[in-house]
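Trainee: I would like to learn how to read the main features of a model. Where do we begin?

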Amino acid sequence: MAELSPDEILNEALRVAHSQFGGTLATVHADDGTPYPAFVLFHLTDEGEVIYGSVTESQHTRDTEVIPEVAFLIDNRDVLGYDWPAFDRVTVEGTAERIDPDDPRYDGYFEELTAKNWLSNYFTTIGNLYCIAPRRITVVLGLGPERHTLDFD
């Protein structure tokens, strides 16, 4: 497969992300440095940011408040039962930031997130809104070994 341009990588990431309500957030336990995965509802913005809501008491919220460097996996694993060569994966590596209601970005992010999945409203309203600023997005299309990477400044 030919190398993808930065715009093509982001477009493939958006294609996969728009087909999925949830993804896997990977955080680091602040107390012992071990990884912690959690399924969360999300939205991927056109700029490659991952937006999600999280209740305050959750482990991944406590982790990101101390160690904001995270990874987020989006995949279309539902195709594995009937079209396994179409299994696509997107990984977003970056820094999670809590977006407070008085932040000028809050309303727009909240609207985008809840437009994708109404249940995100619940987790965000009783908890916090987060945005992962991407450092790197990696896309793997199908089962081939090619990784298409987009690095951000």
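**Salt bridges, a helix and a patch**

Mentor: The structure holds ten salt bridges. Keep in mind that the model is predicted.

Trainee: Which residue forms a salt bridge with aspartate 88?

Mentor: Arginine 15 does, with the closest N and O atoms 2.8 Å apart. Aspartate 88 sits in the loop between strand 5 and strand 6, and arginine 15 in helix 1, so the pair ties together parts that are 73 residues apart in sequence.

Trainee: Is aspartate 88 buried or exposed?

Mentor: Buried means under 20% relative accessible area. Aspartate 88 has 7%, so it is buried. Arginine 15, at 41%, counts as partly exposed.

Trainee: Where do arginine 136 and aspartate 151 lie?

Mentor: Their side chains meet in a salt bridge at 2.8 Å, N to O. Arginine 136 is in strand 7 and aspartate 151 in strand 8, so this pair links parts that are 15 residues apart in sequence. Salt bridges with shared partners join Glu93, Arg135, Arg136 and Asp151 into one network.

Trainee: Which residues of helix 1 are buried?

Mentor: They are Ile9, Leu10, Ala13, Leu14, Val16 and Ala17. These residues cover an arc of only 165° around the axis, which puts them on the same side of helix 1. Their cover includes strand 3, strand 5, strand 6, helix 3, strand 7 and strand 8.

Trainee: What is threonine 138 in contact with, leaving aside its neighbours within four places in sequence?

Mentor: The contacts are Arg89, Val90, Thr91, Glu93, Arg147, His148 and Thr149. Threonine 138 is in strand 7, and its relative accessibility of 13% makes it buried. From leucine 10 it is 128 residues away in sequence, yet 9.1 Å away in space, C-alpha to C-alpha.

Trainee: Which residues form a nonpolar patch on the surface?

Mentor: Trp118, Leu119, Tyr122, Phe123 and Ile126 do, with about 540 Å² of accessible area together. A residue needs over 30% relative accessible area to be part of a patch. Leucine 119, in helix 4, has 31% and is partly exposed.

Notes
Residues numbered from 1 in each chain as written. Predicted model: local features only at pLDDT ≥ 70, side-chain atom pairs only at ≥ 80, totals over all residues. Heavy atoms only, no water. Patch = residues over 30% accessible without salt bridge, like charges linked within 9 Å, V, L, I, M, F, W, Y side chains within 5 Å. Areas by Shrake-Rupley, 256 points an atom, 1.4 Å probe, with all protein chains shown as cover. Salt bridge = Lys/Arg side-chain N within 4 Å of Asp/Glu carboxyl O. Helix = DSSP H or I, 4+ residues; strand = E, 2+ residues; numbered from the N terminus. Buried < 20%, exposed > 50% of the residue type's maximum accessible area, 1.4 Å probe, protein only. Arc of directions from axis to C-beta. Contact = heavy atoms within 4.5 Å.
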